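Two packed helices are described by the angle between their axes and the distance between the axes.

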Amino acid sequence: MAKRPQFTKEFKLEAVRLWKSSGKPAAAVARELGLRRNHLYKWQLELETHGDAAFPGKGGRAHSTDELTRLRRENARLREERDILKKAAVSSTDQGNTLWDTVEWEGDSDGTDGTSGHVCGPES
């Protein structure tokens, strides 16, 4: 498999400058430089969007990518917290049902049907 070509920041800046100053179509300039036309459009957009921060180089990231990564991490953390709270709510609901079942059984054991006015719900 062929390795993707990597272009330096200077090359990208010069290619966009050449394209804009020559008045030639992007396809013609790209052909002269051995590029695909969409490279020039993409690089121009990057320059317009990020200005001096465009083309950060190896290992660098654009600011929007850093923000996206931060938001994805936060989203994962919040989902985890939500899942923990859901499990806790289900667990406490299960315990509540167990308590009421126990109260009804106690009522049955002393000869009543478990529906006395004293044991009718959480507000008693």
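Predicted model: local features only at pLDDT ≥ 70, side-chain atom pairs only at ≥ 80, totals over all residues.

Helix α1 meets helix α3 through Phe 11, Lys 12, Leu 13, Ala 15, Val 16, Trp 19 and Lys 20. On the α3 side, the residues in this contact are Leu 40, Tyr 41, Trp 43, Gln 44 and Leu 47. Sorted by class, the contact of α1 with α3 has nine nonpolar, one polar and two charged residues.

**Geometry of α1 and α3**
- Helix α1 covers residues 9–22 and helix α3 covers residues 37–50.
- The two pack at an angle of about 105°, and their axes are 10 Å apart.
- Angles of 65 to 115 degrees count as roughly perpendicular, and α1 and α3 are therefore roughly perpendicular to each other.

**α1 and α2**
- The axes of α1 and helix α2 (residues 26–33) cross at roughly 135° and come within 10 Å.
- That angle makes α1 oblique to α2.
- The crossing of α1 and α2 is right-handed.
- From α1, the contact uses Phe 11, Ala 15, Leu 18, Trp 19 and Ser 22; from α2, it uses Ala 26, Val 29 and Leu 33.
- By class, the contact of α1 with α2 has seven nonpolar residues, one polar residue and no charged residues.

**The nonpolar core**
- The largest nonpolar core has 11 residues, among them Ala 15, Val 16, Trp 19, Ala 26, Val 29, Leu 40 and Trp 43.
- At least two residues of this core come from each of α1, α2 and α3.
- Leaving aside residues up to four places away in sequence, Ala 26 touches Trp 19, Arg 37, Leu 40 and Tyr 41.

Key: Residues numbered from 1 in each chain as written. Heavy atoms only, no water. Axes fitted to C-alpha atoms, helices over the stretch in contact; angles between N-to-C directions. Helix = DSSP H or I, 4+ residues; strand = E, 2+ residues; numbered from the N terminus. Parallel < 35°, antiparallel > 145°, perpendicular 65-115°, else oblique. Contact = heavy atoms within 4.5 Å. Nonpolar A, V, L, I, M, F, W, Y, C, P; charged D, E, K, R; others polar. Left-handed = near helix turned anticlockwise from the far one by under 90°. Core = buried A, V, L, I, M, F, W, Y, C linked by side-chain atoms within 4.5 Å. Buried < 20%, exposed > 50% of the residue type's maximum accessible area, 1.4 Å probe, protein only.
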